[in-house]
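User: Hi! Could you walk me through this one? I'd like to talk about its strands and overall build.
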Amino acid sequence: MDFFVNGEKVEIQLENEKTLGEILSAFETECAKNEAATISIKLNGEAVTAEIFDEAGKTPVDEIKKLELGVVSSMEILTAFKAEAKFARQIAGELEELPAKLQAGKDKEAYSLITNLADLIDNFCHTATLSALFPQKYGTITLGGKSIKEFFADFSTILRDFQDAFSSKDTVLMGDLAEYEISPRIISLAEAAEKL
């Protein structure tokens, strides 16, 4: 069996494991000792999804030609949060300048900033989702006094308004939302990540 972790080939020594499920169970025990968790599984080139996990777990060891696992550690999540905090600070500052950019006709810079904002939110949500694998360490994250879920439920309404203003080319509303609604929330996001 070829065994890969995060794309790197790893030598493993099976003990009494007879099925994929037993291999994964033993691997998870080792992951837990190292504050890590498995986030993806590929068996013989095919993704093992939650729907087929139980059935795939019965696969005998001698039918496993290639096993690929994606793993994330608690430290990698912390590093990602810290990088996102730094990026969030930068974006928040630029958002405050968005009205001036729009008024000066610097559309290309404004659109680039909006793309960066979308990337930041997407990356933060992805990291926050992974952080749920480590509830003891990340289960108490709050953004502006709200849970991550509450924060983004509230924030998504503002982002929809921002998108509508963008679609209708209402630069005044875009500028106001960026400066007074979005930028402070991005700062809350940065502050939460910096406290970790």
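User: In which sense do β1 and strand β2 pair?
Analyst: Antiparallel, over 2 bridges, with β2 covering residues 8-9. Strands here are DSSP runs of E of at least two residues, helices are runs of H or I of at least four, both numbered from the N terminus, and two strands pair if DSSP finds at least two bridges between them. This is a predicted model: local features need pLDDT of at least 70, side-chain atom pairs count only at pLDDT 80 or more, and totals for chains, interfaces and linings use all residues. Residues are numbered from 1 along each chain as its sequence is written, and side-chain values use heavy atoms, leaving out hydrogens and water.
User: Switching topic: where is the kink in α8 centred?
Analyst: On Ala-178, at about 40°. The bend is the angle between axes fitted to the seven residues ending at a residue and the seven starting there.
User: How many helices and strands does the chain have?
Analyst: There are 8 helices and 7 strands.
User: Last one: what share of the chain is buried?
Analyst: Buried residues make up 38% of the 196, where buried means under 20% relative accessible area with a 1.4 Å probe, counting protein chains only. As for dimensions, the C-alpha atoms fill a box of roughly 70 × 30 × 25 Å along the principal axes.

How values were computed: Buried means under 20% relative accessible area, exposed over 50%, partly exposed in between (1.4 Å probe, protein chains only).
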